[in-house]
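Please look over the sequence and the structure shown here before reading on. The briefing that follows goes through surface patches and a few side-chain contacts.

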Amino acid sequence: VGYGKRASGLFLPGGSYCTLIGMICARYNKFPASKRAGLNYPIQVITSVNSHYSIEKSAIMMGMGTDNVIKIDFEKTTPEEFEEIVVNNNVFMINSTFGTTSEGTIES
């Protein structure tokens with residue numbers, strides 16, 4: 001296949017579990033010390049109003065709470081508004097939704 005020597009991957013049992021693992025990896029990437037010391041301040045994930053319910057479910061399982069899931073209507077949000085949201089929050093992950101089974105939507 002031609003992957004580099006440092007390439008790796010995971011086989012996971014389903015989409016919701018993949019979301020959880022992805023969010024945990026993003027948190028550790030942005031806050032490496034959280035693996036050892038935890039976090040004593042809120043962190044946020046940005047997602048679409050049309051995103052899969054697994055984003056909120058993962059936020060609950062990670063102990064960050066659903067209040068820290070920022071849902072944006074990307075069809076109506078300007079790049080400047082989006083940048084302001086990112087700058088004014090402690091965002092560790094921006095989730096992109098191409099299509100979702102729960103809504104049957106595809107964003108442009």
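In which helix is the place of Glu-80? Glu-80 belongs to helix 4, which covers residues 79-87, where a helix is a DSSP run of H or I with at least four residues and a strand a run of E with at least two, numbered from the N terminus. The model is predicted, so local features need pLDDT of at least 70 and side-chain atom pairs count only at pLDDT 80 or more, while totals for chains, interfaces and linings use all residues. Residues are numbered from 1 along each chain as its sequence is written, and side-chain values use heavy atoms, with hydrogens and water left out.

**Surface patches**
- Glu-80, Glu-81, Glu-83 and Glu-84 form a negative surface patch, a patch being made of residues with over 30% relative accessible area and no salt bridge, with like charges joined within 9 Å and nonpolar side chains within 5 Å.
- Glu-80 has a relative accessible area of 56% and is therefore exposed, as exposed means over 50%, buried under 20% and partly exposed in between, with a 1.4 Å probe and protein chains only.
- Leu-10, Leu-12 and Tyr-17 make a nonpolar surface patch of about 290 Å².
- Leu-10 lies in the segment before helix 1 (15-30), and Leu-10 counts as exposed because its relative accessibility is 61%.

**Ser-51 and its contacts**
- Ser-51 sits in the loop between strand 1 (44-48) and helix 3 (54-61), and Ser-51 counts as buried because its relative accessibility is 7%.
- The side chains of Ser-51 and Thr-47 are joined by a polar contact of 3.2 Å, a pair of N or O atoms within 3.5 Å in which, within protein, one must be able to donate a hydrogen and the other to accept it, and residues adjacent in sequence count only if both atoms are side-chain atoms.
- A polar atom of the Ser-51 side chain also lies 3.0 Å from the backbone oxygen of Ser-48.

Definitions and conventions
Areas by Shrake-Rupley, 256 points an atom, 1.4 Å probe, with all protein chains shown as cover. Salt bridge = Lys/Arg side-chain N within 4 Å of Asp/Glu carboxyl O. Lys, Arg positive; Asp, Glu negative; His and termini not counted. Charge placed at Lys NZ, Arg CZ, Asp CG, Glu CD.
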